[in-house]
Amino acid sequence: MVETRTKEAVVGVLMLAAGLGYLFITSNLPRRGAVDAAFVPYVLALATVGLGAIQILTSLRRPKKPAAGQSSGAKGGQPGGNLIPVAKTLVLVAAFTAALRPLGFPIAAALYLFLQFVVLTPRDGKKVRYPFYAVMAVACAAVIFVTFRYGFDLMLPAGPLTTFLP
Amino acid sequence: MLDLFAQGFINVLAPESVLLIAAGVAVGIVFGAVPGLTAVMAVALCLPMTYGLGPAAGISLLVALFVGATSGGLISAILLKIPGTPSSVATTFDGGPLMEKGEGAKALGVGIVFSFIGTILSIAALVFIAPSLARVALSFGPHEYFAIAVFSLTLIATLSTGSMVKGIFSGIAGFAVSTVGIAPVDAIPRFTFGTVELNAGFSILTVLVGMFAVAEVIKVAEQAHSSSGVGVSAPVKSKVRGFGFTLKEFFGQIPNAIRSAVIGICIGILPGIGAGTSNIIAYIVAKKRSKTPEQFGKGTIEGVVASETANNAGIGGAMIPLLTLGIPGDAVTAVMLGGLMIHGIQPGPMLFITQGELVYTIFAALVLSAVLMLILEFYGLRIFIRLLAIPKHILLPVILVLCAVGAFGLASRIFDIWTILIFGVLGYAFVKGGIPTAPFIIGFILGPMAETNLRRGLMLSGGDFTGFLTNPISAAFLAVAALSIAWQVYAAFRPTAAQERTDAFNEERMEGKPDGQEIPAAATRSSLGEAESAATPRP
């Protein structure tokens with residue numbers, strides 16, 4: 001369990017880092033007077049840096065131990081969970097996006113849906129229903145593709161299936 | 001006028017028109033309900049279908065899509081805590097917690113009925129006071145717009161449940177993200193790093209879908225292998241009487257609804273600000289005026305009423321400048337302007353004189369669309385609730401694919417799908433860091449308006465900042481903004497009776513929760529944030 005004070009301080013450091021990063025890229029913008037394209041970004045960057053500093057100071061003024069009756073994971077955000085399915089989900093969404101052009105929407109979406117169903121299935125002793133997931137994935141991908149491509153003329157990429165489509 | 005109205009109703013009550021409008025409302029509801037698909041997309045994708053129809057039928061179809069899509073956003077906002085459209089962001093704040101308390105049907109019923117009321121009130125405004133309202137809106141210049149944007153941005157702190165510092169940071173981060181792209185006035189590319197796709201900046205749709213929908217999928221993934229699992233959503237009463245709420249509750253919300261409708265209409269009229277802003281402003285105002293502000297964010301129908309009345313009231317509001325001046329108030333009416341011009345109709349002051357019958361046919365189509373929306377959603381209510389029976393591990397990936405389709409549909413670019421993934425990770429990081437996402441959205445929406453009008457205003461006044469203070473409307477808004485900041489800072493450092501009640505509520509809640517039991521995310525954000533502020537030493 002991460003201690004609340006440390007966690008809040010880390011959030012403050014990240015806010016400060018975001019502000020400093022934004023300030024750095026703003027400083028690379030060309031200047032054409034006092035109020036130009038860089039004016040608002042400078043104001044925002046300085047405000048972000050200030051807020052990051054306040055967040056760090058506020059977190060350091062906190063008592064070290066959490067108050068009675070409060071779990072530390074609940075202080076500054078959502079309680080922690082398993083990060084492996086999170087990483088798998090991010091990889092799957094990225095792979096789906098990358099595969100959209102080469103594989104086409106129907107194949108990429110069907111593969112993504114099948115794998116994502118498997119990853120998100122709760123591990124509560126139940127079996128992962130692979131055949132059901134496969135049918136669901138293919139059916140959903142096909143219905144979405146047909147509806148948007150032929151119903152609304154949205155030219156979703158079809159990949160290798162292009163030659164077989166009307 | 002009554003003759004024209006009667007003629008308009010005769011036109012739209014023809015069987016083929018009723019069927020067309022019913023189909024438009026139904027498709028609109030689906031587009032509104034699916035995150036990633038919006039009212040703009042519904043109207044734009046269906047625009048070619050109107051080519052073969054007459055002007056009255058074609059515009060009626062577009063109007064029906066607009067009404068259906070604006071209201072449909074409440075379905076996913078309540079059932080999944082993912083706003084279907086930008087105009088239903090604030091609906092998630094209380095709709096989600098109501099659903100988690102098992103009162104999803106009530107939240108949906110309230111949303112549907114007050115969407116209808118908001119639409120009808122805005123149509124009344126459109127019919128009776130359109131020209132004078134449009135003239136007032138047209139007199140607003142950069143100074144006024146800048147002041148309105150600044151005033152609205154100062155309300156961000158109100159949305160910052162818990163740490164005000166994090167809330168303001170979130171709003172500024174949203175504003176900062178909106179600065180990506182070609183700068184206003186001098187057209188300098190900012191933070192594009194040579195990427196052509198970034199020249200136009202990020203679309204509100206990709207930001208919204210990423211911050212809410214993708215982040216929700218990631219949150220579900222995080223809990224997928226834990227003991228609590230993801231399973232299906234909270235149990236909801238499957239048998240619903242009427243709209244799921246009492247007459248007493250209905251009448252109790254009338255002042256809130258009227259106030260929110262006025263906000264929705266006024267914001268809808270102003271070109272460039274639409275229902276995406278008005279629902280959040282109406283929510284904030286409802287919270288400030290409420291006798292129980294501490295219940296906001298924990299599941300009160302007041303929040304749903306404010307958001308849904310305001311966003312649907314924006315329909316009539318946005319139509320006012322479109323029909324009376326030929327100026328589209330938002331993206332949907334911009335596409336509708338194209339639809340009118342395709343049929344050889346030039347909106348403007350002369351439209352009411354030269355095409356009076358067509359104008360009143362549009363008004364009648366709006367009324368019929370609102371009625372059909374109420375009927376379709378009333379019967380759909382039972383079906384929507386059944387959607388919750390679908391396990392989240394099946395439902396959310398399908399929604400994510402639909403989000404990707406919506407993002408791709410913006411400009412047929414894979415780049416926009418990458419964008420939703422990036423904002424999804426950012427949204428998840430915000431949740432983990434206890435940073436509220438709503439201020440980010442309002443900062444992103446209002447940021448460009450504030451910056452553009454600041455630059456324009458300074459050009460008009462020769463670089464003199466006092467121009468913003470010598471203009472009476474601008475000065476008034478800036479003064480109210482300053483007072484708002486002062487009040488919020490004062491309130492933050494002075495524990496109120498409401499705060500004490502909230503702290504007591506949170507303590508009871510914490511004591512009542514068994515270890516390891518998952519606390520609903522929305523409730524966590526608000527109640528735990530308040531617990532955090534209570535733990536912070538006060539001077």
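Predicted model: local features only at pLDDT ≥ 70, side-chain atom pairs only at ≥ 80, totals over all residues.
1. Confidence in chain A. The mean pLDDT of chain A is 85. Of its residues, 86% reach 70 or more. One stretch needs care in reading: over residues 67-76 of chain A, pLDDT stays under 50. The model still has 31 contacts beyond four places in sequence for that stretch.

2. Domains of chain A. The domain assignment gives domain 1 (4-74) and domain 2 (83-164). Their C-alpha centres lie 38 Å apart.

3. Make-up of chain B. Chain B has 24 helices and two strands. It holds 539 residues, and 61% of them are buried. Take the contacts in chain B between residues at least 6 apart in sequence: 79% of these join residues at least 24 apart.

4. Helix 1 of chain B. Which residues of helix 1 (residues 2-12) are buried? They are B:Gly8, B:Asn11 and B:Val12. Seen down the helix axis, these buried residues fall within an arc of 85°, so they line one face of helix 1 of chain B. An α-helix has 3.6 residues a turn, so residues three or four places apart point the same way. On the other side of helix 1 of chain B, B:Leu2, B:Asp3 and B:Ala6 are exposed. The cover over the buried residues of helix 1 includes helix 2 (15-33), helix 4 (55-79) and helix 17 of chain B.

5. Helix 3 of chain B. Helix 3 (residues 39-46) is mostly covered, with eight of its eight residues buried. Among them are B:Ala42, B:Val43 and B:Cys46. What covers the buried residues of helix 3 includes helix 2, helix 4, helix 15 (331-342) and helix 18 (392-411) of chain B.

6. The largest nonpolar core. This core has 213 residues. The members touching the most other members are A:Leu113, B:Ala42, B:Val43, B:Leu65, B:Phe66, B:Val214 and B:Val401. Helix 17 (residues 356-387) of chain B gives the most to the core, with 17 residues. Chain A takes part as well: the core draws at least three residues from each of domain 1 and domain 2 of chain A.

7. Contacts of B:Leu65. What does B:Leu65 touch, not counting residues up to four places away in sequence? Its contacts are B:Gly24, B:Val27, B:Gly28, B:Ala42, B:Val43 and B:Cys46. Of these, B:Ala42, B:Val43 and B:Cys46 are buried residues of helix 3 of chain B.

Definitions and conventions. Residues numbered from 1 in each chain as written. Chains lettered and ligands numbered in written order. Core = buried A, V, L, I, M, F, W, Y, C linked by C-beta atoms within 7 Å. Buried ≥ 20, exposed ≤ 12 C-beta atoms within 10 Å, placed from the backbone. Helix = DSSP H or I, 4+ residues; strand = E, 2+ residues; numbered from the N terminus. Domains from an automatic or database assignment. Contact = placed C-beta atoms within 7 Å. Arc of directions from axis to C-beta. pLDDT = per-residue confidence, 0-100.
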